[in-house]
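Open the structure in your viewer and keep the selection tool at hand. Each stop below says what to select and what is there.

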Amino acid sequence: FLLALSITILYTALPTVQGFGLGGGNKARRGAAAKPSSPLLEDALKGYPFVNDDKTKLSSTFNELAKLYGDEEALGMVKIEPRVLRFDAENFEPCLESWTEQFGLEKAQAMVKRNPGLLGVKPSLTEDADSSMYGSYVVAALRPSPISLAAWGVLLLSLLGNQDFWTDGGFYNGGGSPLQ
């Protein structure tokens with residue numbers, strides 16, 4: 001009986017402990033208490049390629065991002081799109097709230113993680129975000145990776161070196177296969 005009671009108390013208290021920031025998980029929660037600074041702030045600033053920007057503003061923007069999306073997720077977004085540290089951090093929470101009403105918190109956070117450029121959207125433009133959700137998948141799929149860059153490079157080289165393809169009209173005239 002005591003073992004069952006202990007397990008019940010543990011499972012009941014665990015979400016409360018996590019919600020107060022006393023332990024467990026690195027997931028962000030909407031409305032969570034503000035942390036003084038993200039432990040990954042230095043990593044984010046090290047990877048920031050632009051110069052002559054106010055480090056205090058960049059730090060506060062990253063901390064807001066980490067508060068809403070989680071430390072690891074915020075660092076990942078900065079690595080994908082460093083310019084997010086230049087965006088207006090006051091728009092982050094209202095946009096996330098609007099997207100959360102439309103898709104739910106996890107889906108809204110995943111959408112922004114796939115396309116960090118959405119952090120630059122003004123809250124007044126988030127009312128009908130279906131296209132943003134679909135677009136985030138397209139952006140993530142087309143983001144350059146070494147494999148996709150290599151595939152596009154091989155295709156480009158095969159097309160550039162294929163004189164018959166271009167003299168026959170290229171793509172507009174059926175142009176034949178670029179690999180023949």
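**Stop 1: the whole chain**

Show the protein as a cartoon, and keep in mind that this is a predicted model. The secondary structure consists of nine helices and zero strands. Followed along the sequence, the pattern reads α-α-α-α-α-α-α-α-α. Of the 180 residues in the protein, 32% are buried. Now consider contacts between residues with a separation of 6 or more: 63% of them join residues 24 or more positions apart.

**Stop 2: α3 and α5**

Select residues 55-69, which form helix α3, and residues 92-103, which form helix α5. Two packed helices are described by the angle between their axes and the distance between the axes. Here the axes come within 10 Å and cross at roughly 20°. Angles under 35 degrees count as roughly parallel, so α3 is roughly parallel to α5. The crossing of these two helices, α3 and α5, is right-handed.

Next, show the side chains at the contact. From α3, pick Thr61, Glu64, Leu65, Lys67, Leu68 and Tyr69; from α5, pick Phe92, Glu93, Leu96 and Trp99. Sorted by class, the contact of α3 with α5 has six nonpolar, one polar and three charged residues.

**Stop 3: α5 and α6**

How do the axes of α5 and α6 cross? They come within 7 Å and cross at roughly 125°, which makes α5 oblique to α6. The crossing of α5 with α6 is right-handed.

On the α5 side, the contact is made by Leu96, Trp99, Thr100 and Phe103. The α6 side supplies Leu105, Lys107, Ala108, Gln109, Met111 and Val112. By class, the contact of α5 with α6 has seven nonpolar, two polar and one charged residues.

**Stop 4: the nonpolar core**

Select Phe62, Leu65, Tyr69, Val78, Trp99 and Leu119, the residues with the most contacts inside the largest nonpolar core. This core has 31 residues.

Now centre the view on Phe62. Leaving out residues up to four places away in sequence, Phe62 touches Ser38, Leu40, Leu41, Ala44, Asp71, Ala74, Leu75, Val78 and Leu85.

**Stop 5: Ser38**

Move to Ser38, in the loop between α1 (2-19) and α2. Is Ser38 buried or exposed? Buried means under 20% relative accessible area, and Ser38 has 6%, so Ser38 is buried. Beyond residues up to four places away in sequence, Ser38 touches Phe62, Asn63, Ala66 and Asp71. For one of these, draw a distance between C-alpha atoms: those of Ser38 and Ala66 are separated by 6.6 Å, although the two residues are 28 residues apart along the chain.

**Stop 6: Asn115**

Finish at Asn115, which lies in the loop between α6 and α7 (130-142). Asn115 counts as buried because its relative accessibility is 15%. Setting aside neighbours within four places in sequence, Asn115 is in contact with Ser136, Val139 and Arg143.

Methods:
Residues numbered from 1 in each chain as written. Predicted model: local features only at pLDDT ≥ 70, side-chain atom pairs only at ≥ 80, totals over all residues. Heavy atoms only, no water. Axes fitted to C-alpha atoms, helices over the stretch in contact; angles between N-to-C directions. Helix = DSSP H or I, 4+ residues; strand = E, 2+ residues; numbered from the N terminus. Parallel < 35°, antiparallel > 145°, perpendicular 65-115°, else oblique. Left-handed = near helix turned anticlockwise from the far one by under 90°. Contact = heavy atoms within 4.5 Å. Nonpolar A, V, L, I, M, F, W, Y, C, P; charged D, E, K, R; others polar. Core = buried A, V, L, I, M, F, W, Y, C linked by side-chain atoms within 4.5 Å. Buried < 20%, exposed > 50% of the residue type's maximum accessible area, 1.4 Å probe, protein only.
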